[in-house]
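Please find below a colleague's note on the structure.

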Amino acid sequence: MYVKIQNKMETIKKPNNLFERAHVVCVVIVMVALTACSSIGFAYNQGATLAYFWVNDYVSLDSQQSAALRQDVGKLLVWHRTTQLMDYAQLLGTAQRQLASGQIEPDDLNKTYRAVKARAKLLAEKSLPDLAELTMSMRPEQFVRMEKKFSSSNETFRRKFVNVATEKKQELRFRKSMEEFEEWFGRSSNEQEAILKKVSDARPLNNRFLLEERILRQKKILSTLRRIHHEKLSEEATMVVLREVINDFFHHDEAAGNKALYDANLQGSLSVASTAIRIATPAQKAHAQERIANWINDIEKLAVSK
């Protein structure tokens with residue numbers, strides 16, 4: 001199961017707009033509310049350790065930074081467990097009722113997507129003081145390491161998802177969709193795959209644009225971090241500029257120049273998801289209902305645990 005958690009984290013990392021501590025929090029959300037692991041409690045309780053390994057891979061923390069990160073994320077998870085988890089249970093309960101009704105439209109899924117995004121942003125903002133502390137402690141060589149990791153990840157993305165034939169891009173994207181379908185509903189039929197393949201291939205294919213946008217945000221992140229270091233900004237000033245980066249991270253898809261492209265991408269994904277739900281058999285929907293019920297039960301136990 002630990003490997004499954006790591007794989008889930010790698011999937012989330014692929015967009016790679018990494019803003020270290022702030023983005024780690026978003027991973028915790030996904031593991032808690034949407035994880036495919038059988039034990040949410042295990043994933044949640046290991047959140048601080050997983051966050052440490054993820055950040056360390058990009059920054060190579062020293063011993064003092066490592067201790068602070070583990071402590072800060074641990075405190076953040078305590079806050080989240082005691083004040084936020086019941087809200088997640090309610091969100092999952094709404095999804096469960098919608099699934100039972102059999103009437104889930106793209107607009108319903110969009111509302112859920114926006115709700116999860118808002119909760120992720122709340123967590124990121126809650127982490128701001130700790131993020132500022134970490135940023136102010138970083139050294140020039142750590143910025144260089146981040147830059148190299150960004151570049152390496154971008155090159156991997158370019159090789160796998162940009163510099164390949166259109167048919168290959170579509171097939172990779174479709175296979176990812178089928179993995180997600182089977183995580184929720186179990187095994188699919190050939191007929192279901194054919195329907196979903198057609199809907200999946202109809203989505204916009206903007207891999208090059210997405211990579212270019214990602215690189216721009218990475219440059220902004222590194223520029224901000226280096227500015228904080230060179231200008232020796234105070235903690236208050238550091239939090240101000242980091243908040244701007246967090247806002248950019250969560251709202252870059254709303255910028256007027258690119259909004260139509262991002263909206264088209266999102267609508268395409270929502271269309272695939274709503275189609276998957278529509279064509280799921282009663283047995284498959286019961287499978288998904290059981291998974292959601294187990295997640296809600298695990299979350300409610302975590303919320304009341306000391």
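**Notes on helix packing**

1. Helix H10 spans residues 166–185 and helix H11 residues 190–201; their axes are 10 Å apart, at an angle of about 130°. Axes are lines fitted to C-alpha atoms over the stretch in contact, with angles from 0 to 180 degrees between N-to-C directions.

2. The model is predicted: local features need pLDDT of at least 70 and side-chain atom pairs 80 or more, whereas totals for chains, interfaces and linings use all residues. Residues are numbered from 1 along each chain as its sequence is written, and side-chain values use heavy atoms, without hydrogens and water.

3. Helix H6 (residues 85–101) packs with helix H15 (residues 282–304) at about 165°, the axes being 9 Å apart. H6 is therefore roughly antiparallel to H15. Their contact (heavy atoms within 4.5 Å) includes Leu-92 and Leu-99 of H6 and Ile-292 and Trp-295 of H15. By class, this contact has 15 nonpolar, three polar and two charged residues; Ala, Val, Leu, Ile, Met, Phe, Trp, Tyr, Cys and Pro count as nonpolar, Asp, Glu, Lys and Arg as charged, and the others as polar.

4. The chain has 15 helices and zero strands, taken as DSSP runs (helices H or I, at least four residues; strands E, at least two) numbered from the N terminus. Of its 306 residues, 49% are buried, that is, under 20% relative accessible area with a 1.4 Å probe, protein chains only.

Definitions and conventions. Buried < 20%, exposed > 50% of the residue type's maximum accessible area, 1.4 Å probe, protein only. Parallel < 35°, antiparallel > 145°, perpendicular 65-115°, else oblique.
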